[in-house]
Each structure stands twice: as C-alpha cells, then as structure tokens.
Amino acid sequence: MEKFVVFKGLAAPMDRENVDTDAIIPKQFLKSIHKTGYGENLFDAWRYKDTGEPGKDNSKRPLNPDFILNQPRYQGASIMVAGKNFGCGSSREHAPWALQQYGFRAVIAPSFADIFFNNSYKNGFLPIVLTADQVRRLIDKINGFVGFQIEIDLPRQVVIADGEEMPFEISGHRKYCMVNGFDDISLTLLQAEKIRKFEEARKIRHPYYFSTNIANASL
Amino acid sequence: MPQTLYDKLWDSHVVHTEEDGTALLYIDRHLVHEVTSPQAYEGLREAGRKVWRPDSIVSTADHNTPTDGWERGLDGVVDPISLEQIVTLDKNIKATGALAYYPFLDKRQGIVHVIGPENGATLPGMTVVCGDSHTSTHGAFGCLAHGIGTSEVEHVMATQCLVQRKFKNMLVRVEGTLAPGITGKDVALAIIGKIGTAGGTGCAIEFGGSAIRSLSMEGRMTLCNMAIEAGARAGMVGVDETTLSYLKGRTFAPTGREWDVACQYWRTMKTDDGAVFDVVVEMRGEEIAPQVTWGTSPEMVTTVEGRVPDPEREKDASKRDAMERALVYMGLTPNVPITDIRLDKVFIGSCTNSRIEDMRQAAWVVKRLGKKVASNVKAALVVPGSGQVKLQAEAEGLDKIFKDAGFDWREPGCSMCLAMNADKLEPGERCASTSNRNFEGRQGAGGRTHLVSPAMAAAAAIEGRFADIRKLL
C-alpha cells in the first residue's frame with residue numbers, strides 16, 4: 001500500500017450530494033478479476049457522451065465537455081472536494097480504486113457512506129471529513145481560483161488551504177497504517193494466537209456455528 | 001447493565017481491541033460471490049496466505065449469471081468477462097474449499113442473500129460478512145451482518161476477523177398494525193423517506209416495535225436489506241419464535257439436543273429492557289401506505305396516493321438542485337399523480353424481494369386482477385431468488401399464473417437489480433422494480449427506476465401504470 005504522509009495537489013470540486021458508487025464506477029466495469037484498470041472509467045456515465053463498455057478504447061470516446069473533471073483547469077487534479085454522503089451505495093471497492101487510478105489521493109467531504117469510507121483506507125486513499133461550511137468555502141475557492149491547491153498533512157491531521165489550517169479526525173489505527181503504508185492483514189496476523197484461542201473457546205461454547213455438515217451441499 | 005442486541009453481538013465477537021477502540025471482530029460466516037472475490041483470492045495467492053477457515057465460507061455465483069438459456073450451460077453466458085468471473089470463482093473455491101458452494105447452474109444456486117438464510121447458513125448470534133452491501137439482509141436473524149469491500153474479503157479470508165470500530169446504536173421503532181397489503185418493502189422505503197439515505201450512517205439499526213414483530217422472516221429480510229439504503233451498514237431484528245420456526249430443519253441449522261441448546265442462547269439475542277440507544281426514530285404502522293420512489297435516490301420516495309414533488313416548494317437549495325436533476329433524469333413533470341406514471345418494464349426479483357413470500361404476493365395480485373400484462377409494458381420479468389424458491393413457486397403453480405399473464409419466468413440471480421447480466425433497461429425506459437436502488441444507470445445506462453413492493457410491481461405490470469394495491473383487497 002502506498003504511504004500517505006504529506007501531500008499537496010490540485011483540487012477539483014464535485015459539488016453534489018449523495019455521489020453513489022454506481023456513478024463513480026458503473027457496474028459493467030466490475031467484471032474484471034483484477035484490481036487495476038478502472039481509472040479511465042471513473043464517472044463513466046457523466047464523463048463520456050456514449051455508453052462505456054469494458055474493452056472499448058476510451059481515448060476514442062466523445063467526452064462530455066460539461067463534466068467538471070473534463071475541464072482543462074482540472075486536468076491533473078489529485079484532491080476531490082465533494083458534497084455530503086459521498087460514496088453511498090454498493091460495497092464495490094472498485095470505487096476507491098477508480099478514484100485512485102484516475103489520480104486522486106484524497107477526497108474531502110462533510111460526510112461519507114461507511115463502506116466507501118472504510119474501503120478507501122485499505123488502499124491508501126484518504127477520505128477526510130470537514131464541516132459542511134469548510135467544504136463549502138473550499139469549493140468556492142476552487143471555483144474562484146484556477147490552479148487552487150490543497151495540502152494535506154496526515155501526521156498533523158490538518159488540511160491546509162489558502163493559509164488556513166483545518167484539523168480533521170482519523171483513528172490512530174488508520175493513521176498508523178496510512179502513514180506507514182501497512183496493510184491490515186499483516187497487522188492482524190500479529191494477533192493470530194489470540195484469534196486461535198478465541199476460536200477454540202467459541203467452538204466449545206457454540207459448536208453449532210462450526211457445522212461442517214456438507215452432506216447436502218455440493219462441493 | 002441492559003444491553004442492545006448490537007452490544008451483545010459486538011461483545012461476543014471481539015477478539016482484540018486497540019487503544020483507539022479499533023477492534024478485531026471474529027467472523028462466523030463469510031458469503032462469497034463472483035464479483036468481489038477474485039481480487040481477494042489473488043491477493044491471498046500473491047502473499048502466500050491460506051484461507052483461515054474454509055468451512056466458514058458459503059459461496060455462489062449470482063451477480064452476472066444469466067437468467068435464461070441455462071440449457072446451454074456455460075455457453076449461455078454470452079459475455080466473456082462474466083464467464084471469466086464465474087469460472088474464476090469455481091477455480092478459487094475448488095482450490096481453497098468452502099462449507100457449501102452452489103455454482104452457476106446448480107439447482108440450489110441463487111442470490112447470496114437468499115441462499116444463506118434458506119440453507120440455515122445464517123444463524124442468530126453470528127457475525128456474517130459478504131463483499132456486498134446488502135449483507136445487512138441477514139441481520140433479520142438477530143445476527144451482526146454487514147457488507148465489506150474486497151480488501152476486507154481478503155482480510156477475513158486470511159484472518160477470520162474484521163477490523164472494525166463500533167457503530168452507534170440506533171433504534172427504528174414501528175408500533176401499531178400495518179394495513180393489509182403493506183409489506184416490509186413499504187416499511188423500509190417509508191423509513192428511508194423519513195430519515196434519508198444518510199440517516200443511519202455510522203449506526204447499526206435495530207428495527208423494533210409491534211409492526212416489525214408482525215413481519216414474517218421474508219419481510220424482516222427485506223427491511224434489513226434496505227438498512228444500507230438508509231446509510232447503515234448493519235440492520236437487525238431481535239430473535240423471536242418467528243425466527244426460530246423459520247430456521248428449524250434447514251440444512252446447516254443444528255438438530256436434536258444441539259438445536260435446543262442453541263435456541264436457549266438465541267432467545268437472548270434481543271435488546272434488554274431498559275437498554276439505551278444513541279438515536280431513536282419512532283413511526284406508526286397505520287400511517288404507512290404503499291411506497292413508490294420518484295427520483296434517483298431511495299429517499300426520493302412518496303406514496304401511491306402522492307404526486308411527483310415540485311422543486312419550487314423545496315426551500316433547501318442543494319435539495320432543490322438534486323430534485324431538479326433527478327426529475328430531468330427520470331423524465332417526470334412536477335405535480336403529476338404517481339398513478340399517472342406509465343411503465344415500460346417491470347422487474348420482480350433481487351435480494352430485496354425474490355423470496356417465496358414475494359412471489360406469492362405478486363402472483364396473488366396478478367390472479368386477482370385476472371388480466372394480461374398491459375400492452376405498453378414491453379417486458380415483465382419475474383426472477384426468483386434461488387433454485388429452491390423457483391422450485392417452491394412452481395410447486396405452488398405461481399409460475400403458471402405469471403406466465404399465463406404474460407410475465408417472463410426466469411432462472412435465479414441478481415438480474416436486473418444491477419444489470420450486470422443481459423437483463424437491463426434501455427436508455428429512457430421506465431421500470432417498476434422490486435430492487436433496492438434507483439440510482440442513475442443502475443438498471444442500465446439511462447434507465448429510470450421506481451422502487452416498489454412485489455405486489456405494487458405486479459399491479460403496475462397489469463395496469464401499465466402505478467395502481468394502489470389496497471383497492472384490490
């Protein structure tokens with residue numbers, strides 16, 4: 001997992017609420033068995049004028065000039081600032097993958113859907129909650145100044161924009177993983193002995209959760 | 001100290017807690033399907049890790065399997081990328097094992113959230129996860145069930161645990177009696193209409209009250225299924241005799257003395273009197289009418305007696321903006337009565353509403369109306385949730401009722417809920433759907449979705465427009 005420490009980049013607004021994961025990456029692109037290749041289809045239905053399908057040459061498709069990320073001023077954007085309840089809908093981890101593979105490192109919003117929020121951290125993609133007022137001010141500034149950049153200092157837990165520092169919350173565990181680029185599995189396996197003991201005790205107390213009766217099942 | 005059901009489920013699964021409150025939760029049941037698992041298995045292989053407990057896994061292919069042409073076997077899967085996912089799941093399960101695997105074409109294959117409960121693989125007091133947001137469905141059995149992402153799928157496979165922080169406790173209490181014809185779907189949509197799609201964010205929702213108690217297990221599953229549409233990763237209902245009698249005799253449910261011992265424990269899987277919730281929402285069952293969504297978010301909902309809302313009356317600017325955008329996408333004019341909305345397609349199915357009771361309710365309406373599908377409805381699909389639901393429905397003659405009226409009776413799968421297979425809407429087509437999401441493009445690019453109950457969908461198919469099913473009763 002890529003580390004996230006201090007990052008500064010071009011900001012782009014996504015000024016609407018309830019941006020759902022079907023919008024972020026439409027389902028026809030979920031058929032891949034790999035973790036990469038989603039960036040070109042980020043916001044596919046909004047971004048292109050035609051309907052996207054896996055395998056289509058995206059460089060030849062007509063772009064929707066009205067879509068915000070297609071505007072020349074937002075090319076190379078790496079921090080998104082969005083409306084509340086960002087990432088609602090399905091559990092597809094393809095959503096943070098697509099945002100990340102497009103070039104975003106972080107998204108700032110007044111609130112996030114839980115699963116998206118959680119999935120993001122697992123990939124070194126940082127979702128940051130600021131207040132609705134702070135987000136509104138950021139979007140106004142992005143709209144007002146071409147090339148507006150935002151800095152994120154994760155160790156200090158602050159978003160820095162236009163000289164203003166805005167603190168944000170993150171759990172100690174998530175921060176530790178993000179700053180060091182650690183994935184959860186290796187950390188969890190440090191507790192393997194504890195997990196085994198818990199499992200043994202549970203098996204004795206609740207054997208019916210450990211059914212291995214596969215007589216009627218096809219395998 | 002009195003505890004909520006969620007507190008009990010949480011406490012009984014914590015293996016380890018970090019200083020910041022992040023916990024390792026032990027996972028009892030892991031449901032695996034073809035779309036969100038390939039990257040997880042690949043990750044395990046690359047890291048040289050094993051599946052911690054294969055017998056916790058129950059698996060099926062459902063998301064992009066076709067719902068017709070099964071006689072052609074794998075050749076019936078025309079999309080090569082879908083086929084690759086189906087075949088990859090086969091290979092992965094064969095390589096690493098599972099308690100049960102119901103592959104594509106198996107007579108017990110079906111939607112993962114239908115087959116878990118119907119085989120007794122979902123039991124009270126369990127933690128259940130699946131790489132699918134509608135895993136909240138299983139909470140109907142008094143268990144802690146939530147959807148996870150692919151990294152978490154891999155994490156659970158490798159460690160049998162989920163890294164999780166505790167949610168807040170939220171109670172949605174619906175007291176009173178539901179009017180005849182009002183289903184779990186209407187209750188769910190009415191709740192979402194009230195609290196919004198982010199109303200339950202950060203919470204585990206327990207559904208309680210006499211109206212909820214009166215629901216069958218199928219109705220409770222529909223309700224918990226939609227908890228995620230209210231923003232809550234987990235929804236749940238406490239265990240009672242309805243729960244236990246549903247489970248008795250199912251494949252993976254205990255038997256004999258073990259059943260009795262289990263029931264003793266399971267009866268404690270409910271909130272103690274006097275337990276405190278962080279958030280409480282109260283509603284009256286009598287006030288819930290048949291629900292119909294009009295927009296592109298499940299919270300954009302009204303009743304069958306209602307009208308398409310007028311953005312001019314909305315004071316909040318960002319809501320008005322969203323409303324205007326939704327009405328343009330949906331091709332709807334403000335103030336038009338819901339019953340004037342004409343449909344192009346009807347879909348009865350999905351993990352929300354494809355169980356036997358849903359099939360019965362829809363078939364009852366079709367039979368009661370005694371007519372064929374309206375001429376303006378180009379297709380009316382009925383997709384049972386599993387092979388077992390299909391068999392049961394056929395044994396009861398429900399398939400015949402549907403087919404005689406001009407419905408298409410299909411093989412099980414997720415189908416047109418998310419249109420990953422060939423079942424989808426064309427741009428501009430309008431659909432009455434028993435599924436769970438009316439997002440832009442959800443049922444096909446440019447498609448327009450109205451969420452309703454199975455009875456309402458069946459009536460819409462016959463009448464060609466929305467109709468109040470209470471008038472049939």
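In chain B, helix α12 (residues 356-369) packs with helix α15 (residues 454-463) at an angle of about 35°, their axes lying 8 Å apart. Axes here are lines fitted to C-alpha atoms, for helices over the stretch in contact, and angles run from 0 to 180 degrees between N-to-C directions. Helices (H or I, at least four residues) and strands (E, at least two) are DSSP runs, numbered from the N terminus. The crossing of α12(B) and α15(B) is right-handed; a crossing has that hand if the near helix is turned clockwise from the far one by less than a right angle, and is left-handed if anticlockwise. From α12(B), the contact (heavy atoms within 4.5 Å) involves B:D358, B:Q361, B:A362, B:V365, B:V366 and B:L369. From α15(B), it involves B:P454, B:A455, B:A458, B:A459, B:I462 and B:E463.

After α15(B) comes B:G464, with a positive phi near 80°.

The model is predicted: local features need pLDDT of at least 70, side-chain atom pairs count only at pLDDT 80 or more, and totals for chains, interfaces and linings use all residues. Residues are numbered from 1 along each chain as its sequence is written, chains are lettered from A and ligands numbered from 1 in the order in which they are written, and side-chain values use heavy atoms, with hydrogens and water left out.

| Helix pair | Axis separation | Angle |
|---|---|---|
| α12(B) and α15(B) | 8 Å | about 35° |
| α3(A) (94-102) and α4(A) (114-121) | within 8 Å | roughly 55° |

The helices α3(A) and α4(A) are oblique to each other. Their crossing is right-handed. The contact joins A:A95, A:P96 and A:L99 of α3(A) to A:F116, A:N119 and A:S120 of α4(A).

B:T65 sits in the loop between β4 (57-60) and α3 (80-96) of chain B. B:T65 is buried, at 0% relative accessible area. Its side chain reaches the backbone oxygen of B:D62 at 3.2 Å. Leaving out residues up to four places away in sequence, B:T65 touches B:E34, B:I86, B:F104, B:Q109, B:P412, B:G413 and B:N421.

The domain assignment of chain A gives domain 1 (6-182) and domain 2 (183-219). Their centres, taken over C-alpha atoms, are 36 Å apart.

Notes:
Buried < 20%, exposed > 50% of the residue type's maximum accessible area, 1.4 Å probe, protein only. Polar contact = N/O pair within 3.5 Å; in protein donor to acceptor, adjacent residues only side chain to side chain. Domains from an automatic or database assignment. Parallel < 35°, antiparallel > 145°, perpendicular 65-115°, else oblique.
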